[in-house]
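Please brief me on how this chain packs.

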Amino acid sequence: MLSHRNRALTTAAALMLATAPGLARAADPAPTGAVLSPAEINAIVTAPLPADQAAMKAHVMFLAADALKGRDASSPEYAIAAQYVAAQFYAAGLKPAGDDGGYLQRVPLVAYKPADNGSFALTAPGKPAVALDYGVDYVPSANPAAKETRVDAPIVFVGHGIVAPDYGRNDYAGVDVRGKIVAFFGGAPKGFNSEVRAHFLNPATKAATAAQHGAVGVIQLESMARPARGTFSFALAKAGAARERTTWETSDGTGAPALDSAPVLATFSLAGAAKLFAGTGQTWAKIARRSADDNAVFRAKPLAVTLKAVTRTSFVATSSSNIIGVIPGSDPVVGKEIVVLSAHLDHIGVGKGTTGDQINNGAEDNAVGIASLIEEAKRFAASGTPPRRTIMFLAVTAEEKGLVGSDFYARNPTVPRDHIVANVDLDMPILTYPFEDVIAFGADRSTLGPIVRRAVAGMGLVVSPDPIPDEAIFVRSDHYRFVQQGVPAVFLWPGQMGPGKAATEDFLARHYHRPSDDLSLPIDWSQGVRFVDANYRISRAIADAPDRPRWNKGDFFGTLYHGLGAQ
């Protein structure tokens, strides 16, 4: 039985969407649902709203309906949601920019996980090999890039595995890791800039750094730091050992890693790590105690053992879609340059419990972001003045599976790659309070910063710094995939001044990735309209600016990813 608050779509209505010109056909028919009665409609639409607020709410009513079952990226219900967004892009007058003249870009997904427990054995000089115990010493990692991974090499300990010259940090100093396996702790110094720290908290960053130094494999070491983002908890690794992960599929049927990186072979427990350090002259217990401090610096050291590791990965191919529409730029010179406005359409689907509501509707995360994207497209169309630069409206899939749809688009764009000059991302704006400021993750790294500040100042808003740096938000939404391709980007949130802090903390603690993220939340649709206005002002200013956005001179990410570098 579908709940009253979210049941919104009949099969017939869904199939009518698929008949709009230029749309790709949904992979599967819509789920069957009963027609809403007048009483049920009144329960949802409790009071008349102004047209702009009603339009936003209508999108969320559809996308967060129980009938769409949480919009898991590879589900038939996601396909319906994609058709809905494509229909809205069509109605707004956007030109299709997907595959084969349509609005959809096929994203070939592949789910992967360890195929077995793998085998790991240590050999010390002059001694026989010692097999390690699965679930006690190690938990293997799935390698998205290979069905079987075999590595037989010495191990080098490299502390936290960080190389950051701007911060005087090189955990690889004094060692040669070419052809070797590196072992490191998670975490990053709290003294780093919050966005730089977020970058180094990402295990993929550390695996990529290892590859750049010539390592052939990576081991993640459990530390004594309290469980936090970026640290490796052996208990969590063991509990999630069989969990499927997702990336996009390459031509050989395996998956694409987010970065060129050395394969992550396993997570080692404290007990397993002690075996790596035996015979090194270093006391593992002392090193482990120091690992509780993210600011600790360790001396890199070759260990006295060689590891022979074999892991196997299984793959299951699936499919999904990004949805893409554009408003062509009017300027004969800069009109070919493209400002991408993005938001993710997917959510986490249906839970596995047996009682109570299990549908993760994803109203705030991210039906509201998609509604904002659609309404912003309508604002551009209704303005009567086309932007100087082309505006692309990009609804991506599989964000919840690791920013996969945006990574696929950023690396396989449907337009010339060098035409993309900026990205503005809309993800999970919390709209349950009247916001007094905005947070613009990444803005101050490029000339986007002053543009954002001027744009929102016209609304009486200020830009505030990252209020929750330990959450590593900067690397956790789709804009980061454009940053990794050298494109200046900004990710906008309503800020936490006034009532914002309490409202944000309440949502994250009680509703984030839970079934209660639905239309029962006290969403203030007037704030949704203000959020659209802020994004429109920012995007219009970027599109109409005399110059394309540029990274600030010497910026960490602009330099790291070789973007359009300095002023």
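**Packing briefing**

H10 and H15 cross in a right-handed sense (right-handed if the near helix is turned clockwise from the far one by less than a right angle, left-handed if anticlockwise). This is a predicted model, where local features need pLDDT of at least 70, side-chain atom pairs count only at pLDDT 80 or more, and totals for chains, interfaces and linings use all residues. Residues are numbered from 1 along each chain as its sequence is written, and side-chain values use heavy atoms, with hydrogens and water left out. Helices (H or I, at least four residues) and strands (E, at least two) are DSSP runs, numbered from the N terminus.

**Helix pair H10 and H15**

- Two packed helices are described by the angle between their axes and the distance between the axes.
- For H10 and H15 the angle is about 55° and the axes are 9 Å apart. Axes are lines fitted to C-alpha atoms, for helices over the stretch in contact, and angles run from 0 to 180 degrees between N-to-C directions.
- H10 is therefore oblique to H15. Angles under 35 degrees count as roughly parallel, over 145 as roughly antiparallel, 65 to 115 as roughly perpendicular and the rest as oblique.
- H10 makes the contact (heavy atoms within 4.5 Å) through Ser372, Glu375, Glu376, Arg379 and Phe380.
- On the H15 side, the contact residues are Val529, Phe531, Val532, Asp533, Asn535, Tyr536, Ser539 and Arg540.

**Helix H12 and its cover**

- H12 spans residues 448-457, and its buried residues are Leu448, Gly449, Ile451, Val452, Ala455 and Val456. Buried means under 20% relative accessible area, exposed over 50%, and partly exposed in between (1.4 Å probe, protein chains only).
- These residues lie on the same side of H12, because they cover an arc of only 165° around the axis. The arc is that of the directions from the helix axis to the C-beta atoms.
- Their cover includes strands E16 (420-426), E17 (437-441), E18 (462-464) and E19 (489-494), and helix H15 (525-544).
- H12 and H15 pack at about 135°, with axes 9 Å apart. H12 is thus oblique to H15.
- The crossing of H12 and H15 is right-handed.
- Leu448, Ile451, Val452, Ala455 and Val456 of H12 meet Ala534, Arg537, Ile538, Ala541 and Ile542 of H15.

**Nonpolar cores**

- In soluble globular proteins, nonpolar side chains tend to be buried together.
- The largest nonpolar core here holds 99 residues. A nonpolar core is a set of buried Ala, Val, Leu, Ile, Met, Phe, Trp, Tyr and Cys residues joined through side-chain atoms within 4.5 Å.
- Val60, Leu63, Phe89, Ile323, Leu345, Phe393 and Phe557 have the most contacts inside this core.
- Helix H10 (residues 363-382) gives the most to the core, with 9 residues.
- A second, separate core has 28 residues, including Leu122, Ile181, Trp284 and Ile287.
- Phe89 touches Leu94, Tyr103, Ile323, Ile324, Gly325, Leu373, Ile374 and Phe393, not counting residues up to four places away in sequence.

**Backbone exceptions**

- Most residues other than glycine have a negative phi, and most peptide bonds are trans.
- Arg71 has a positive phi of about 55° although it is not a glycine. Arg71 sits in the loop between H3 and helix H4 (76-91). Arg71 is buried, at 0% relative accessible area.
- Met428 also has a positive phi, near 55°, and is not a glycine. Met428 lies in the loop between E16 and E17. At 6% relative accessibility, Met428 is buried.
- The peptide bond from Asp365 to Asn366 is cis, with omega near 10°. Asn366 is in helix H10.

- Gln53 belongs to helix H3 (residues 51-63). Gln53 is buried, at 14% relative accessibility. Beyond four places in sequence, Gln53 touches Trp525, Ser526 and Val529.
- Ile348 is in the loop between strand E14 (338-344) and H10. Ile348 is partly exposed, at 29% relative accessibility. Leaving aside residues up to four places away in sequence, Ile348 touches Gly70, Asp72, Asn360, Glu400 and His513.
- Ala164 is in strand E7 (residues 163-164). Ala164 is buried, at 1% relative accessibility. Ala164 and Phe192 are 28 residues apart along the chain, with C-alpha atoms separated by 9.6 Å.
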